[in-house]
Amino acid sequence: MAKLLTILISFVAGIVLTVAVGLNAMPNMMIKEVPSPLGFDETLTQIEANAKGLGWKVPKKWTVDFQKNMLKVVKVDIGPNKVLKMCEPQAAADILIHDELKRLSTTMPCTIAVYVKSDGKTYISVMNMTLLGLLYGDVVKGIAAELAPQMDEIITVSAAATTTTQE
């Protein structure tokens, strides 16, 4: 009986530990953050060029300057921080055509943030499309599987690419 109780306690402890680790890791899994080897403006320029090269729409009116807005509204300088909103129109239409998926409008258009942290380095963050697909399944899972590699390509910036495009 004592052996069975030990096994049961170990099993429950394992489940509790797994759930705790999963819940702790979840925020880091939902949003991808990568450092950029470029400066702030160069990173923004290359991300936009990458997106347009893949056929994504990146209207200028969808760019939000959080630094400027925070300075204006609450007089706090949060440092360089811009958000680019972009759309792969066919993918959006393929999702939003379904009544049960219209609520995903809140996640559209796709948002990519570029900001500078106190270490002086530029960073890029984006929602994890693969995880989003797993959460919603079916139609979204298929579209997310197609878009996730594109999003990774969009946020991949390199000093070499900037040098090449400037020549």
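## The β3–β4 pairing and the sheet

Strands β3 (residues 81–86) and β4 (residues 110–116) run antiparallel and are joined by 6 bridges. Across that pairing, Leu84 stands opposite Ile112 in β4. Strands of a sheet pair through backbone hydrogen bonds, either parallel or antiparallel. Here, two strands count as paired if DSSP finds at least two bridges between them.

Zoom out and you get an open sheet of 5 strands in the order β1-β5-β4-β3-β2, with antiparallel pairing. β1 (31–35) and β2 (64–65) are the edge strands, each pairing on one side only.

## How to read the model

This is a predicted model, so local features need pLDDT of at least 70 and side-chain atom pairs count only at pLDDT 80 or more, while totals for chains, interfaces and linings use all residues. Residues are numbered from 1 along each chain as its sequence is written, and side-chain values use heavy atoms, with hydrogens and water left out.

Helices (H or I, at least four residues) and strands (E, at least two) are DSSP runs, numbered from the N terminus. On that basis the protein has 7 helices and 5 strands. Its pattern along the sequence reads α-β-α-β-α-β-α-β-β-α-α-α.

## Ser125 in strand β5

Ser125 is found in strand β5 (residues 122–127). Is Ser125 buried or exposed? Ser125 is buried, because its relative accessible area is 12% and buried means under 20% (exposed is over 50%, partly exposed in between; 1.4 Å probe, protein chains only).

Who touches Ser125? Leaving aside neighbours within four places in sequence, Ser125 is in contact (heavy atoms within 4.5 Å) with Ile31, Lys32, Glu33, Thr111, Ile112, Ala113 and Tyr115.

Helix α5 (residues 129–136) has Met129, Leu131, Leu132 and Gly133 as its buried residues. Asn128 caps the N-terminal end of α5, with a side-chain oxygen 3.1 Å from the backbone nitrogen of Thr130. After α5 comes Gly137, with a positive phi near 65°.

Helix α6 (residues 138–154) lies across β1, β3, β4 and β5, running at about 25° to β4. For that angle, axes are lines fitted to C-alpha atoms, for helices over the stretch in contact, and angles run from 0 to 180 degrees between N-to-C directions.

## The whole protein

Of the 167 residues in the protein, 31% are buried. Among contacts with a separation of 6 or more, 67% involve residues 24 or more positions apart.

The accessible surface comes to about 10600 Å² (Shrake-Rupley method, 1.4 Å probe), and 64% of that surface belongs to carbon and sulfur atoms.

How values were computed. A polar contact is a pair of N or O atoms within 3.5 Å; within protein, one must be able to donate a hydrogen and the other to accept it, and residues adjacent in sequence count only if both atoms are side-chain atoms.
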